[in-house]
Amino acid sequence: MTRALHRWPGLLAALLLMTLALSGAALSIFPAAYRVAAPQAASGLTVATLAQRIEAVYPTVGQIRRAPSGEITAYWFDNGVPGAAVIDPTTGQGVANSDPNQIERWLTEFHRSLFLGDNGRIVMAVGAGAMLILAVSGIFLVARRTGGWRRWFSRVRGPMSGRLHVEFARIAVAGLMLSSVTALWMTASTFSLLPDEAMPPNFPSQVSGETGFAMADVPTLASTPVSALRNLTYPYPDDATDVVTIETDTGTGYIDQGTGEMLAWADLSGWARVSETIYMLHTGQGAALLGVILGLMALCVPLMAVTGTIVWLVGRRGRPRIRGNVAAGRAETVVLVGSEGGTTWGFAATLHAELTKTGQAVRVEPMSSFNPARYSHAKRLIVMAATYGDGDAPASAKSFLDRLEQAQPAPGLPLSVLGFGDRSFAHYCAFAEQVQTRAEALGWHQLTDFDTVDRQSPQDFARWGRALGQAMGLDLELTHQPVVPASQDITLVSRRDYGAEVQSPTAILRFALPRRSLWQRLTGRGLGRFAAGDILGVVPEGSTLPRFYSLASGRRDGFVEIAVKKHPGGLCSGQLMALEPGDTVHAFVRRNPGFRPDRSKAPLILIGAGTGIGPLAGFVRGNTRGRPVHLFFGMRHPDSDFLYGEDLTGWKQDGHLTRMVTAVSRSQAPSYVQDALRTEATDVARLIRQGARIMVCGGRGMAEGVSEALADILAPAGLTPASLKAQGRYVEDVY
Amino acid sequence: MKPLLATLAVTTALTAPGLASARPVTLTTNLNNYGGPGAYLALYVTDSGGNYVGSLWMAGGRSRYYRHLSDWYRFTGGNTAEVNGITGASVGSGRSLTVSLDLSDALFDAGYSLHIDAAVENYRESPSEIVVPLTTAGAGTPVRGRRYIAAFDYSF
């Protein structure tokens, strides 16, 4: 809901907001320029003295005005010819032309009404309203994205356009809210919707009828500082019934021209004062610095309009179109999708297509639209839920659990929950599990057993599909072709070969980092940002299914590096192992935020075997801050498959690595990495007590062995691998 | 323009015979090219004693700005009832305003004067920029204003 409230006004008003923001930013320069250019009155200078000085130079002066910038303008009438000039208050002399700046006038008219009169003012007010809605909804969206109000300023991840959008918003949102609220107030004031009209006092019914009292001697003027002056109007020459009119920042009064007495005075009303303050805040007239700051903030608007539109376009592209989606009221099967990135929508589209083929009426919609009252013909509900970040609900499913609590479970409406996730995360499919648990507790009937799909596995999906088919009495074969992210060619620059002697041909392959265009960076296309521990997807020739390798380098290293072991008959590893420098492969990056060293200073225990050393070596290479790092590395023989052997020695000397323990399996006393852990049990236990974080990378067998060894090592301290995992201190990247 | 006639008739207490002999008058105001936003203009009549008699036309729709037409405002206290039904749009820089109305014969050659107050946003106020006696002989003779009004004339 908040997202829709952000998206649609944003897209619709983007152009209008850009014109408003750019003209506003341009206008913000003027008050500052006037403030700098205008000769300022010395503090303590009174209106009486100022009037005296001006009269000495311009005897026929009829009006003296002070702008909020401090600029003083005098108007006079010489032999029927009107004159005016900007005055230097120290001399009373005219120093500059007082004609309003034509560019400023043009911009003002454009900014407030697009030269369309009242209709234009209303259009611009709608723009200000849209700006306010965008600012408020955006504040909530940022809180949601960063995971709470306290983390509102924390780093955001994802494609550049989204990051920039949030960063600009953080800079500008306060100013944009101020500008839009004040704009709406000013519009209301212009259309007389506010009781803020400045009311001059009633004209005195009686005046002395005398003339010629010197302005310099008028008590009120002698006690009014120039800084408080707005306007001083002289009586008409030869009109004894006229008066002196003085306007200050507190009110308006009439002074007798014969006696210098104040005849009538009216304070500014509270409303009028508020309106004046609002006017100052919006225009910067009288608050030039604020004006410039607001103007700079306004410059973020076009940038946000562009990045925001790209975010929308990219998000739309990522979600497949569902052909023949039935209305909610007519559907027999309702599929609810909760997905942040859009991959789960692909699975939902496959399910939709297959069920539709069997003659079912199927509705696919986001989980946030869940509303059982609309499903009048539904016979079953299917929830396909991904997990966002660290066990959170995806954005399109945030409100689902609340709605589920309120909904009445219907006996004829059984529910099936399928979770999508990545087993390498500590909270695998946590949100889907939560949905399942709540649904059960609330008494929803189960259509199938709870199931999960690991890393978009088509096999997992097909297995669940068969169970669903059985429950529905259908022969359902779901063949899902995962959406392969747009890949690009990367070129091998060097390779280092290992392991041939121990029947385990392995290579460290280093590819050149392709240059990214600005558009690719904005849309998150191209290889994007990556760090060691992220995943490189390689699409082999003759296949559409990518294979995944852990990255041993980050973008900062300036190259793309992976460690590959040749699998007998392996299509992708075979092709990679056959690469020569200059050859290319199709590849893309998938982020793996769960497998990163955190940013703390606590010791790091890295455990890996074989090609699992890849990301661990990347972490060591990137450890420039001297964090204690302890590496446990298992290999077959140090003379053959000691991947990164020389580099690790060098890194140890440079202080990137505190300690390295190797385990060699092809020796007289074969040892595996879990054995090395047990040998070092005391040290390992001590490190963990100090808050160490454990990162494991390698084959599943090794990971299980490591987990068992750690269980034994931790038991005396009352800890378990599971408890460490729950704290996020024990992460695995297993294949 | 009937309401105007009625207003004038009431405020000036002109008698029925006077009213019977009314004639159509065209008031033409040409503005200088002063380059600013649209000008607010108040056209009104004073008697030989300088007292306010009634309004003929108000160019400018927002009453909150009427106080800048300072003479008219002082006479009327900003009472918008004075210009009800005889209010039009403000007049752009370099443009002209033409108003046709039926004016009582009794207003001419009897010491009445026609005033025009002008005001432009962010520019100097110009009350009674035009003050022209209403005479039969003066009809068709253009009068120059001091600031915003290039020429004003009334003709039968």
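This is a predicted model: local features need pLDDT of at least 70, side-chain atom pairs count only at pLDDT 80 or more; totals for chains, interfaces and linings use all residues.
Helix α17 (residues 613-622) of chain A is mostly covered: nine of its 10 residues are buried.

Chain A has 735 residues, and 39% of them are buried. Its secondary structure comprises 22 helices and 24 strands. Chain B has 156 residues, with 37% counted as buried. Three helices and eight strands make up the secondary structure of chain B. Along the sequence, the elements of chain B run α-α-β-β-β-α-β-β-β-β-β.

In chain A, 72% of them join residues 24 or more positions apart. In chain B, that share is 67%.

| Chain | Residues | Buried residues |
|---|---|---|
| Chain A | 735 residues | 39% |
| Chain B | 156 residues | 37% |

**Confidence in chain A**

The mean pLDDT of chain A is 88. A score of at least 70 is reached by 96% of the residues in chain A. Among the elements of chain A, helix α3 (residues 47-57) has the highest mean pLDDT, 95. Helix α15 (residues 518-523) has the lowest, 74.

**Where the chains meet**

How many residues of chain A are in contact with chain B? There are 13 residues on the chain A side, and they touch 11 residues of chain B. Two elements of chain A, β3 (81-87) and α4 (102-113), each supply at least two residues of the side that touches chain B. The most comes from α4(A), with three residues. By type, the chain A side divides into six nonpolar, four polar and three charged residues.

**A six-stranded sheet in chain A**

Chain A holds an open sheet of six strands with antiparallel pairing. The strand order is β17-β16-β19-β14-β15-β18. At the edges lie β17 (547-550) and β18 (559-565) of chain A, and each pairs on one side only. On average, neighbouring strands of this sheet are turned by 40 degrees against each other, direction ignored.

One pairing within the sheet can be followed residue by residue. Strand β16 (residues 535-539) and strand β19 (residues 584-590) of chain A pair in the antiparallel sense over five bridges. Which residue of β19(A) is the bridge partner of Leu536(A)? The partner is Val589(A).

**Helix α8 of chain A**

Helix α8 (residues 270-283) of chain A has 14 residues. From its first C-alpha to its last, α8(A) reaches 20 Å, close to the 20 Å expected at 1.5 Å a residue. The buried residues of α8(A) are Ser275(A), Ile278(A), Leu281(A), His282(A) and Thr283(A).

What do the buried residues of α8(A) pack against? They pack against three helices of chain A: α2 (29-37), α6 (160-190) and α9 (288-298).

How values were computed:
Residues are numbered from 1 along each chain as its sequence is written. Chains are lettered from A and ligands numbered from 1 in the order in which they are written. Two residues are in contact if their C-beta atoms, placed from the backbone, lie within 7 Å. Helices (H or I, at least four residues) and strands (E, at least two) are DSSP runs, numbered from the N terminus. Ala, Val, Leu, Ile, Met, Phe, Trp, Tyr, Cys and Pro count as nonpolar, Asp, Glu, Lys and Arg as charged, and the others, Gly among them, as polar. Two strands pair if DSSP finds at least two bridges between them. Axes are lines fitted to C-alpha atoms, for helices over the stretch in contact, and angles run from 0 to 180 degrees between N-to-C directions. A residue is buried if 20 or more other C-beta atoms lie within 10 Å of its own, exposed if 12 or fewer, and partly exposed in between; C-beta atoms are placed from the backbone. pLDDT is the predictor's confidence in each residue, from 0 to 100. The expected span of a helix is 1.5 Å times one less than its number of residues.
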